[in-house]
Structure formats: C-alpha cells, structure tokens
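Dear colleague,

Please find the structure handed over with this message.

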Amino acid sequence: MDIKINYEKNDEYYTPKIYWDWIKEYIPTNKIIWESFYGDGKSGNILKELGFSVYSENEDFFEKIKNPPENSICVSNPPFTIKREIVKALLENNI
C-alpha cells in the first residue's frame, strides 16, 4: 500500500487515562496491545500501567502494518482525518 498522509494539526487529541480505565475490561489480556499511533507515548505507558503487554514505538503505522508485532491487536486512538485509510490498511492486513 502506498499512501501519502498529511496529518492535520487538530488530529492530536490524546486519550486520558480515565477513558482507558473505562474500556480496559473489553481489551483482551492474552494479546500484545499494539498502540500504533504513538503520539506523545502516554497511551502506551497507561496501558502498561493497567497490566497489558504493550508494543508502543514511534513508528509509521503504514510501514509497520506490513510487519505488525506478533500476537498483537491494534488498540489506539488514531488521527480521525485518515480513519478510512487506517481501517482499509487494517482490513487488508487482517488485523
């Protein structure tokens, strides 16, 4: 997949810990959580604090999706201006 992405400045809305607390019971514990949109790195740290195994690196999602972390699921707060491209890439890569 060859997508050129220009993120919008207003796409930087980070998920506060309270929201991760609200959804943690719905996140599988037998998988590695791929926090694929690194942002400021805090979401990955919060997920680790909540007891999850987390892969969170400051990498390009569209490059990393070609070789995602093994035994992982994608749990993230992506930039909404490119949500269609993200969902398409996830589906094409069976993630």
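The notes below cover the basis of the model, the sheet and the salt bridges.

This is a predicted model, in which local features need pLDDT of at least 70 and side-chain atom pairs count only at pLDDT 80 or more, while totals for chains, interfaces and linings use all residues. Residues are numbered from 1 along each chain as its sequence is written, and side-chain values use heavy atoms, with hydrogens and water left out.

Helices (H or I, at least four residues) and strands (E, at least two) are DSSP runs, numbered from the N terminus. Two strands pair if DSSP finds at least two bridges between them. Three strands make up an open, parallel sheet in the order β2-β1-β3. Its edge strands, β2 (54–55) and β3 (72–74), each pair on one side only. Two bridges join β1 (residues 32–34) to β2, and W34 lies opposite Y55 of β2.

The structure contains four salt bridges (a side-chain nitrogen of Lys or Arg within 4 Å of a carboxyl oxygen of Asp or Glu). A network of them links K17, D21 and K24. The closest N and O atoms of D21 and K17 are 3.2 Å apart; because these two residues are four apart in helix α1 (residues 17–23), about one helical turn separates them. K24 meets D21 at 4.0 Å, N to O.

Relative accessible area is 27% for D21, 35% for K17 and 37% for K24; each is partly exposed (buried is under 20%, exposed over 50%, partly exposed in between, with a 1.4 Å probe and protein chains only).

A further salt bridge joins E63 and K66 (3.3 Å, N to O).

Yours sincerely
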